[in-house]
Amino acid sequence: MRNNIKQLRKQAGLRQEDMATQLGVSRQTIIAIENDKYNPTLELAMKIAILLNLKVEDIFFLNEE
C-alpha cells in the first residue's frame with residue numbers, strides 16, 4: 001500500500017513529531033508509514049484521516065502491479 005502522508009502532513013503544517021504526538025504513536029512510526037515500510041492499522045489510518053480532515057482513501061492507495 002502506498003500513501004501521500006508526507007505531502008499532506010507538510011501541507012497541514014505538521015512536523016512528524018507533532019503528528020505522532022497527536023496520534024499517540026512514535027515519530028518512528030510516522031517515518032515508517034511515510035516511507036511505505038509500515039502499513040498502519042485501520043484504527044490508525046482512520047485517526048490520520050481525521051487529523052488531516054480527509055477520507056482514508058484520499059491518503060492510502062493500493063499498489064497496482
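In which helix is the place of Q16? In this predicted model, Q16 has its place in helix α2, and with a relative accessible area of 15% it counts as buried, because buried means under 20% relative accessible area. Leaving aside neighbours within four places in sequence, the residues in contact with Q16 are R9, R27, I30, I31 and E34.

Two of those residues lead on to helix α3, which runs over residues 27-34 and in which T29, I30, I33 and E34 are buried. Seen down the axis of α3, these buried residues fall within an arc of 130°, so they line one face of the helix. The cover over the buried residues of α3 includes β1 (2-3), α1 (5-11), α2 (16-23), α4 (42-52) and β2 (60-61). Just after α3, D36 takes a positive phi of about 55°.

The largest nonpolar core has 15 residues, and I5, M19, I48, L52, I59 and F60 are the ones that touch the most other members. Two or more residues of this core come from each of α1, α2, α3 and α4, with α4 giving the most, five residues. As a general background, nonpolar side chains in soluble globular proteins tend to be buried together. Again leaving aside neighbours within four places in sequence, I5 is in contact with M19, I33, E34, I48, I59 and F60.

Finally, an unreviewed UniProt entry carries the annotation "domain: HTH cro/C1-type" for residues 5-59. In the model, the end C-alpha atoms of residues 5-59 lie 6 Å apart, and the span is 62% helix and 0% strand.

Methods:
Residues are numbered from 1 along each chain as its sequence is written. This is a predicted model: local features need pLDDT of at least 70, side-chain atom pairs count only at pLDDT 80 or more; totals for chains, interfaces and linings use all residues. Side-chain values use heavy atoms; hydrogens and water are left out. Buried means under 20% relative accessible area, exposed over 50%, partly exposed in between (1.4 Å probe, protein chains only). Helices (H or I, at least four residues) and strands (E, at least two) are DSSP runs, numbered from the N terminus. The arc is that of the directions from the helix axis to the C-beta atoms. Contact means heavy atoms within 4.5 Å. UniProt positions are given in the numbering used here, feature names are shortened, and annotations may be inferred rather than shown by experiment. A nonpolar core is a set of buried Ala, Val, Leu, Ile, Met, Phe, Trp, Tyr and Cys residues joined through side-chain atoms within 4.5 Å.
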